[in-house]
Amino acid sequence: MLLPDTAVFARHTSQADYRTGDLKLGCIAVLADLGRYLQVPFDCLVKCVGAMPSQQDLQRIRNNLTNKESKILTDDESGLQWTDFTPPAKSKGSEENVFKPLGRIISEILAEVPNRRVSFLANPNGTPLSQRNNTSRPDGYLVLSDKQSEAKMHWFDIAVPFEFKKEQDTESLRDDEQKIIWSLHSIMREDPCRRFAFGITIEDTQLRLWLSNRACLAVTQPIDFFQNIDGVISLFYALGSASASSTMNELGWDPTVERIRDGKKIQYEFTIGDEVFTTTRELATYGADSMVGRGTRVYEATDAGGEKVAIKDSWREVERQSEGEILESILASCAEKLQAEELADAKRYFVGIRLWKDVIIDDTPDVTLDPLVGEEHNCSWKWVSIDLQPILSARPHLPSAGDIPDSGRLSAFLPTQLGGIARNDTGIPRRVHTRTVFDDVGVAVKDVTSLADNLTCLSDGLKALCYMHKAGWIHRDFSVGNVIWVGGIGKLGDFEYAKKIDSQTSHDVRTGTIHFMAVEVERQKYLFRPPTSNVRPVGRKPDTSLPSRPPFRMNFLHDIESVWWAFTWIFFYHTDTNMTDANHSLDAQWEKLQLAFPGTVGSPLRQDFFSIVDDLQTVCDDVLSETCRDVGDCIPHFAGALQDGYRKAEAKYPLLALDNTLLNDIHRQAAEYLNGAQQRATGIELCPLPNLLKQKRPRPREETSPSPKKKPRHG
């Protein structure tokens, strides 16, 4: 039996809440995406940091800290203890003053490490510089030593953020957790040079070490800062040792990426195999907003000869093929099942991949750290649910590049509702760092403003899907962000989730925007089967001769429905720039866009929007401008044809009839609808609805700039 597809999970960092820039909403989105963290024994994670001191080194460091003029440690009849640092909860001073001795302790331990390249700063006065307008400020951090004297620190230069609290009550723990998670999130989303990051929280006497990478967020069980002095020394010695290498790779920096200045702009040099590519602009970086996952970033770049390419940097599951290998397999299937002319045509509509390589660091593939690599700790770790009650609040942060615009509707989730997000998996996924270089660099269909070109691009993406389907593959991630317009041709990309229709593999939870997801995929069930009752008459035994219900799996109809959603989004998210229809209401169109594309999983209104064709016709007639309505008048017919296709496929459920006749018929109809619309779209330029709404609506009174006052003149 075929395995079921993995369930749908929408990323909250891809929704409107996160993109408002509000720090509180952003924090909730990040926490909701995570849902949990992995708690592991302290020594288990410390071993992942760097070289641990031997017992001989520990004794030497203890002696030095005891005998130095600074006398950090005292060794008397009471035993070994910190000289000037007392348990914070027992101290009457301010939090800032109470933790001041901690800075001396950390600095003296780090001084025992030869060639260390980090220093500790406590209670910094300035907010670190940020490319994303991040206004949060850690209580302290290990910073690159050559940057510590600069007037303004940058998040790029922070090696390990810290958070402190005098108390260890529930509120203090939650506040520290949320702030350290946001700091780690800021490092990982902001800096392409970081592969992972460590953080430290201290509540009264309790110290915890945190690790953020693309596989999981992990934290240690707490150690007592005053009782486990050897553990404290070992931790900061290991962090200092990790900083001693020239590449700093043991603290998460990537030696295969270099940040450079291009005038006032920051660019990056990526070393991929034997070649170096220099970025020229961001194409899409929103994949890095979610702390756990692929962390995908895409850049336009040039090679050493000045040729333009696109670079994708991401983290795939270790058991999963790379995107380049998947596309190779798709083309091999096309060569096997298509005619020669079809094969040549198919290649025109797939993005061209120049090379793909896994990142190699110290002659080893760059795989996410596994804090449970030792078998001795297998029974002493657990997943802990994150408390989602928001605490943070500050000025807006800036959105990432290249995200797919949604309706802008806030999800208005309550923290208790967010807490209901569950994970069925119990293991830790391992991810490998990989890069792909594409020959084709173009404009995503979502950004093509000519409606005729837009629809041509979408139509070409449908052709690519048709060839994939004929070759026995499904794409599983068709959207307006992964069909690009290159030299007058639409090309389909993003094959990371593509797989053979009869594949036995089932990979990680499908994440990302759900705007273009088929309603059956969203609901994970077949919705168009005959309405017959499955309830047996009383007293009758089950009929074992009947076929069992198949597990839900995506098929080619779902890919084509994604095309329909993309086609519909184009008309509802935009209007024509030369709109002359006086009766057209932008607000009404915006309201229907919010209902059809809510950006959340499980909205019944979204399913109704697709399924009730008569109502869909009325909505199109009522809210689209006259010009766009005339071009997109086939939206309801396209939806109806898809529903007919579903009913044919599911007519004898639990048997599914997904044959070539149905495949060819539904592709023919879809192509006719898109081509017909494209022919009617000549000369029409699109404008995003939000742009027009901003022009229409004046600023609220409380946001209106005050009239300028005359400056007093000074003699």
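The secondary structure of the protein chain amounts to 21 helices and 27 strands, where helices (H or I, at least four residues) and strands (E, at least two) are DSSP runs numbered from the N terminus. The model is a predicted one, in which local features need pLDDT of at least 70 and side-chain atom pairs count only at pLDDT 80 or more, while totals for chains, interfaces and linings use all residues. Residues are numbered from 1 along each chain as its sequence is written, and side-chain values use heavy atoms, with hydrogens and water left out.

Of the 715 residues in the protein chain, 55% are buried; buried means under 20% relative accessible area, exposed over 50%, and partly exposed in between (1.4 Å probe, protein chains only). Among contacts (heavy atoms within 4.5 Å) with a separation of 6 or more, 74% join residues 24 or more positions apart.

The interior may be considered next. A nonpolar core is a set of buried Ala, Val, Leu, Ile, Met, Phe, Trp, Tyr and Cys residues joined through side-chain atoms within 4.5 Å. The largest such core has 98 residues, and those with the most contacts inside it are Phe495, Trp564, Phe567, Phe571 and Phe572. Helix α14 (residues 556-573) provides the largest share of this core, 13 residues. Beyond its neighbours within four places in sequence, Phe572 is in contact with residues including Phe609, Val623, Ile635 and Leu689. A second, separate core has 71 residues, among them Phe85, Tyr237, Leu239 and Val309. In soluble globular proteins, nonpolar side chains tend to be buried together.

Strands β2 (residues 73-76) and β3 (residues 79-82) pair in the antiparallel sense over four bridges, pairing being assigned if DSSP finds at least two bridges between two strands. Two residues join β2 to β3 in the hairpin, and Leu73 has Trp82 in β3 as its bridge partner. Leu80 also lies in strand β3 and counts as partly exposed because its relative accessibility is 29%. Leaving out residues up to four places away in sequence, Leu80 touches Arg62, Thr66, Leu73, Thr74, Asp75 and Ile229. Leu80 and Arg62 are 18 residues apart in sequence and 9.0 Å apart in space, C-alpha to C-alpha.

The cysteines remain. A search of the whole structure finds zero disulfides, a disulfide being a pair of cysteine sulfur atoms within 2.5 Å. For Cys48, the nearest cysteine sulfur is that of Cys44, 6.4 Å away. Cys48 counts as buried because its relative accessible area is 18%, and Cys687 is likewise buried, at 13% relative accessibility.
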